[in-house]
Structures are given as structure tokens and as C-alpha cells.
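Subject: Structure handover

Hi,

Here is the structure for you to open. My notes on what was found follow below it.

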There are 2 protein chains.
Amino acid sequence: MRSGLIHLTEKGYSSTGLDDVLSHAQVTKGSFYHYFDSKAAFGQALIDAYQTYFAQQLDAAFDDRARAPLDRLRAFADQAEAGMARHDFRRGCLIGNLGQEMGTLPEDFRGQLQAVLHDWQERTALCLQEAKACGDLPSDMDCDALAAFFWTGWEGAVLRAKLDRNAAPLRAFSRLFFTLISRQGAAS
Amino acid sequence: MRSGLIHLTEKGYSSTGLDDVLSHAQVTKGSFYHYFDSKAAFGQALIDAYQTYFAQQLDAAFDDRARAPLDRLRAFADQAEAGMARHDFRRGCLIGNLGQEMGTLPEDFRGQLQAVLHDWQERTALCLQEAKACGDLPSDMDCDALAAFFWTGWEGAVLRAKLDRNAAPLRAFSRLFFTLISRQGAAS
């Protein structure tokens with residue numbers, strides 16, 4: 001699973017041969033097929049594992065009551081940046097990578113990828129609603145729409161960070177996102 | 001070239017075999033290699049052609065003096081949405097697709113893709129500066145940063161639109177982008 005995640009976040013699904021994953025993990029084809037019916041089934045299991053890991057990361061950031069709600073989202077962004085930096089900005093987001101590749105993936109992947117993004121957006125919307133309740137966002141802010149906006153932009157920023165091989169696109173997106181929404185607070 | 005663009009915007013570079021492009025275009029390998037040394041050289045020519053086409057699209061939108069500057073950017077977004085709708089949201093942005101695939105592309109592609117995105121950002125920043133000069137953006141707005149923010153988010157939105165196979169992600173991103181920056185104007 002770990003070898004699969006490394007390959008898919010770095011090179012994508014279509015460019016990753018099962019042989020590369022298995023030889024990197026020192027696992028035989030026989031054992032692989034004991035657990036998975038196909039490369040597609042493996043891909044779907046990787047999405048599930050990634051989602052479980054990521055949901056924990058989001059919960060860890062968003063449940064930190066010591067921070068103001070918007071600072072929790074900032075903390076998540078910093079943490080995600082540190083994660084990319086650890087791998088020298090070579091590995092992107094599994095969900096963003098596969099989303100971009102959807103034109104060549106088995107059709108089952110579509111709903112699964114959409115569900116993951118919706119889950120992240122829902123968790124983020126709850127954090128934004130807390131920010132609204134604290135008066136850190138204007139009372140007419142649509143937190144679901146803002147959470148979707150954050151994730152759309154963040155996936156774009158991860159793509160750029162991989163292209164530029166540095167943190168600048170993540171920081172630039174995050175800085176302006178928080179500037180724009182905080183000024184909103186000031187304006188309301 | 002057209003067949004290459006169709007394949008690369010739909011399926012990406014790695015999943016596209018030269019044979020698919022050539023048989024779709026009814027072109028022989030011999031003629032292909034008369035014009036291009038390799039698949040990589042073809043890919044780079046496609047990026048150039050896409051950039052030329054897109055720069056014209058941006059100029060057409062941004063030079064339309066009948067519209068207020070921010071309405072020109074809105075017009076561009078509407079036009080890009082119509083472009084995706086024409087192909088049933090199966091084709092994404094060549095630059096975003098290749099950016100996501102950078103982990104497996106020839107290293108020469110990186111600088112070329114970055115240069116295209118910078119060019120789009122610069123054109124967009126000029127439009128935003130006009131908006132600032134009209135008082136439609138606050139006087140302390142960093143238009144270069146805002147243009148980069150727009151393109152980061154827009155590439156993310158194109159990815160989502162391809163995943164969802166509809167215009168909703170483009171519209172949602174664009175609506176909130178303009179709401180956030182216009183309220184800025186109201187707040188300044």
C-alpha cells in the first residue's frame with residue numbers, strides 16, 4: 001500500500017506499472033493477487049487508505065480547540081505543506097492526481113474521488129461555521145461554498161507546488177485566501 | 001496537432017500513445033517524424049500551440065473596452081466554461097494536465113509549462129490593475145498575487161469540472177472569487 005501511494009502520488013495511476021510497485025515493495029505478484037483482484041481494485045483501496053489518513057489529519061487540525069477556527073485551517077495548510085516538503089515537492093495529492101487522470105481511469109473511481117473531496121469539504125465547512133459563530137467570518141458567508149472554494153484552490157496550489165517544486169504556490173494561495181476572507185470579516 | 005490536443009487534454013501525455021494520435025489524425029509515422037523528432041518534441045510543440053491559442057483568447061477578453069475590467073475576466077471564465085461544455089467536460093486544460101503529470105514528463109517541459117502559466121498570470125494582472133485603477137479593487141491589492149491566485153484556483157476548478165463532468169465547479173469558483181474581491185472593493 002505504501003509503495004502504491006508513493007508511485008501514484010508521484011507519477012499518477014496510468015504511468016505506474018504494477019511491477020514497479022511490487023518490486024519496490026519486494027512483494028510477489030502471487031501475494032498481491034491474494035489481496036487484490038486487479039490494479040483497479042488496488043487503486044480503489046489506496047483511495048480508501050488515503051481518505052482514512054487524511055480524515056485523521058483534518059480532524060487533528062480542526063479539533064484543536066486551543067486555536068481559533070481559522071487558525072486551525074491555517075495549521076492544516078502548514079502541515080500539508082510540511083508533508084509535501086518532506087518529499088521535496090515530488091508527490092502531490094492522490095485525489096488531485098487521480099481526478100486529473102479521470103479520463104483514463106475505470107469509471108468506478110469517479111464517485112469515489114468525488115466522495116473524498118466532499119468529505120474534506122464537509123469537515124472544512126464545519127470549521128468555517130465555527131469561525132462564523134466566533135464572528136471571524138461575516139454572518140452571510142456560505143460556509144459550504146467557501147469550503148469547496150478552498151479545496152478547489154488548494155488542489156490547484158498542490159499541482160503548482162509540484163510543478164514549481166517548492167512551497168511558494170501553497171503559501172501564496174493560503175495567504176491570499178485568508179486575507180480575502182478576513183477582510184470580509186472586517187467589512188461585515 | 002489537433003488530434004494531439006484532443007488526446008492530451010482528455011487523457012494526458014503518458015496515457016496517450018503516438019499511434020492513437022496518428023491513427024485518429026490519419027497521418028503516417030513517416031510524416032510525423034518528418035515534422036517532429038519525438039513524442040516529447042511533439043508535446044512541446046502542442047504546449048506552444050496551446051499557449052498561442054490561449055493568449056489570443058485572453059487578449060480577446062481583456063481588450064474588450066466595452067466591458068469593465070472585472071467583467072472582462074468574468075467573460076473569459078464564461079468563455080472557458082463554454083469551451084469545456086462543447087466537449088462535455090471531458091477535456092481539461094493542457095497545461096494543468098501536463099503540470100499534474102510533471103513527475104513522469106521530460107524535465108524540459110517544466111520550464112515551458114511554468115512560462116505559460118506566468119504569461120497568463122501577467123495578462124490577467126494587467127486586467128486587474130485596470131480594475132484597481134477604476135476603483136473596483138482596493139488600492140492596496142497586489143494584482144500579481146491576485147492573478148496567481150485566480151489561476152491556481154481556476155486550474156483546480158477545471159480539474160473538478162472534469163471530475164464532476166459539469167460546469168458547477170467552474171461557476172462556484174468564479175462566483176466566490178468575484179464576491180470575495182468585490183466585497184474587498186466595498187470594504188476599502
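**Fold of chain A**

Along the sequence, chain A runs α-α-α-α-α-α-α-α-α. That is 9 helices and 0 strands. Helices (H or I, at least four residues) and strands (E, at least two) are DSSP runs, numbered from the N terminus.

Some ground rules. This is a predicted model, where local features need pLDDT of at least 70, side-chain atom pairs count only at pLDDT 80 or more, and totals for chains, interfaces and linings use all residues. Residues are numbered from 1 along each chain as its sequence is written, chains are lettered from A and ligands numbered from 1 in the order in which they are written, and side-chain values use heavy atoms, with hydrogens and water left out.

The C-alpha atoms of chain A fill a box of roughly 60 × 35 × 30 Å along the principal axes. Chain A has 188 residues, and 52% of them count as buried. Buried means under 20% relative accessible area, exposed over 50%, and partly exposed in between (1.4 Å probe, protein chains only). Take the contacts in chain A with a separation of 6 or more: 66% of them join residues 24 or more positions apart. Contact means heavy atoms within 4.5 Å.

**How the two chains relate**

The same surface serves both copies: 100% of the contact residues of chain A recur in chain B.

**The interface**

Chain A gives 42 residues to the contact, and chain B gives 42 residues. About 3800 Å² is buried between chain A and chain B, and carbon and sulfur atoms give 61% of that area. Buried area is the accessible area (1.4 Å probe) that two parts lose on being put together, summed over both. Which three residues supply more than any other three of the area that chain A buries against chain B? They are A:Gln100, A:Phe149 and A:Leu163, with 19%.

Between the chains there are 0 salt bridges. A salt bridge is a side-chain nitrogen of Lys or Arg within 4 Å of a carboxyl oxygen of Asp or Glu. There are 14 residue pairs in polar contact between chain A and chain B, both residues at pLDDT 80 or more. A polar contact is a pair of N or O atoms within 3.5 Å; within protein, one must be able to donate a hydrogen and the other to accept it, and residues adjacent in sequence count only if both atoms are side-chain atoms.

On the side of chain A that touches chain B, helices H1 (2-11), H6 (94-100), H7 (108-133), H8 (143-164) and H9 (168-187) each supply at least two residues. H8(A) gives the largest share, 12 residues.

**Two residues to look at**

A:Thr9 sits in helix H1 of chain A. Is A:Thr9 buried or exposed? A:Thr9 counts as buried, at 5% relative accessibility. Its side chain reaches the backbone oxygen of A:Leu5 at 2.7 Å. Beyond its neighbours within four places in sequence, A:Thr9 contacts residues including A:Tyr50, A:Arg90 and A:Lys162.

B:Ser139 lies in the loop between helices H7 (108-133) and H8 (143-164) of chain B. B:Ser139 is exposed, with a relative accessible area of 68%.

Best wishes
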